[in-house]
Amino acid sequence: MHNFSPHTFHVPVMGIGYTIDSPLKLAHLGITSVVSLVDDMLMEKMREFHSKSMNSPFQGISSKVADFRARRITAFLDLMDGMVKEKIAGMKNSFSRKSEEVDKYFEMLPASSKARQTYFYLKQNANFNDLKEWVWENLQPGEIDVNIMTKLDKPNFAGGEQLPVEFNDAHAALRGFAQSNLSSSLVLSAGMNPRLFSYMEKWDDFYPDQEGLIKKKVTIKVSDFRSAVVQGKMLAKKGIWVSEFRIESGLNCGGHAFASQGNLMGPVLEEFKQKRNELINDQFATFCAGLAAKGMRCPEQAPALRFSAQGGVGTAAEHQFLLQHYHLDSVGWGTPFLMVPEAVSIDADTINKLGRAKEKDLYLSDISPLGVPFNNLRGNTKDLEKESNIEANRPGSNCTKQYCSLNSEFSGRPVCTASRQYQRKKILLAEAELSSQAAINQEIKKITEKSCICVGLGTSALIANGISHLSEGAGVSVCPGPNMAYFDKEASLKEMADHIYGRENIMSRSDRPHIFLKELELYVNYFFEKLKPQEESDVRKKAANEKFLQAISESIEYYRAMYIRQSAQLGVVMADVLGRLRFFEKQVSGFSVAQK
């Protein structure tokens, strides 16, 4: 069974729609990508589009049939699985010495790849039958991984009656994946959902088979080591092995920003590096006990456990350093791939906006209905649509998809805080309860800041593929990380792969800070802009802030020592690095002293 991509990078989930069909663009070239399972309506439209493009019959799954959400997800994933397998089979069956697609497959691999080296050696020196046999054995697809945001587990209703918990959105998405033909990974993000973890126990594919192989693997996104220990053991007790921990920067990433308590990527990766064997051994012992409790046999040795990282990487030197210094198996490249329409589904207008974006255009917003800071692009068309509604005295959006309908503040079913229904009620409440017009205006601004991202993040995929988006509207949301400021040109897939592996440089700017320094800057700014002001209304925040500053100070010390030791591998100008570290240290220590 093929388990992992031959590449040392993967394309993480981006928004709801940007990587919705990326496997069809990337998997046959050996590249793993991650598909969001939020929007079954979008998946149904994409399944119809791709079915018709192949002249295959399409039978829609109505929202009126039982378990339609899970069935739609299964059908879409199975369609992509079949299409990728068909592409791989076609590449093998039609292989000749002039097969451009097979050449491209191996050309894009890193120079250190034995598969790449062997292919081009055999092409020059072996007879054709030996070459073809080798290609048949070694041309393996990247994986079609899927993502569930565990927080998006909205309850659903039939008529006026709430359905059982297994019909909640995240539960149904898990079921859709579990019932699919895929052999790949379920990437869980946005924290723990114990009920969802328990629901995994119902599906055989999450357990090892007689040979110890796991068809449906689990990947957990974490921002610190403790989270990995807790979630890994929680699942291991159920007999479910976590096959990968994916460490993501809290702020130097795209999409929702789950800021850590000042724990920065470098020190976090160092802890994973130092405690890797301890983590594996502890999880394996718990895993075996969990399987035994179910009357199942434990494998003789621990299944493979991979470690990967993502968030803010932008150069070949950073990519290689993360792999080698922290012993990682893969590095995620997300935001830069928004400039690669060959890899993602994105419309031309949005690419142009992203290409022109500078640091000031990329900001941490409060637009998400989930109440989590959200990386945003100023002037995106969904926000312009929101502002237009406000000016017309019709704030809020028509809640057509309801994936973020999680607020139970008012009686009745939960609603989305970006919906017109919710915002109208909140504005009336503010006008009734607040005495000054200034206070009312401030509260209204806070209420109407929320935007309908569950629609906006999928619309670009429809526009890019020429699919009707009348019900969604024309507004597009996009969620690039701060790294977007340094990628200003559309690139081909090969150009991006060559950039990742150091064969080409597609960045025109030379002033981009190193990945760790950028994240440090983001966290220091986050403290002064977001955390420090909270002390005025919540005295308990002071202790948390002091702990945050202590973690930042310790990270600065770690980075100073690391940059000095690893300057050659990092490819940085040490005078600049040390100067920036002193600057951040002065900011943090100055505030700490002032507090005392």
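Tyr 326 is buried, since its relative accessible area is 1%; buried here means under 20% relative accessible area, exposed means over 50%, and partly exposed lies in between, using a 1.4 Å probe and protein chains only. Before going on, a word on the model: it is predicted, so local features need pLDDT of at least 70 and side-chain atom pairs count only at pLDDT 80 or more, while totals for chains, interfaces and linings use all residues. Residues are numbered from 1 along each chain as its sequence is written, and side-chain values use heavy atoms, leaving out hydrogens and water.

Rings of Phe, Tyr and Trp (its six-membered ring) pair if their centres lie within 6.5 Å; planes under 30 degrees apart are stacked, over 60 edge-to-face, and the rest tilted. Phe 516 is also buried, with a relative accessible area of 1%. Because Tyr 326 lies in the loop between α11 and β10 while Phe 516 lies in helix α18 (residues 515-531), the pair ties together parts that are 190 residues apart in sequence. Both rings belong to one aromatic cluster, which also includes Phe 321 and Tyr 558.

Now follow the chain to the strands. Helices (H or I, at least four residues) and strands (E, at least two) are DSSP runs, numbered from the N terminus. Strand β9 (residues 306-310) is mostly covered, with five of its five residues buried. In a regular strand, side chains alternate between the two faces of the sheet. In β9, Arg 306, Ser 308 and Gln 310 are buried on one side, and Phe 307 and Ala 309 on the other.

What are the partners of β9? Two strands pair if DSSP finds at least two bridges between them. Strand β8 (residues 242-248) pairs with β9 in the parallel sense over five bridges, and Phe 245 stands opposite Phe 307. Strand β10 (residues 330-332) also runs parallel to β9, joined by three bridges, and Gly 332 is the bridge partner of Gln 310. From β9 the chain crosses through helix α11 (residues 316-325) to β10 in a right-handed β-α-β crossover; right-handed means that, with the strands pointing away from the viewer, the path from the first strand over the helix to the second runs clockwise.

Finally, look at Lys 217 in strand β7 (residues 216-222). Lys 217 counts as buried because its relative accessibility is 4%.
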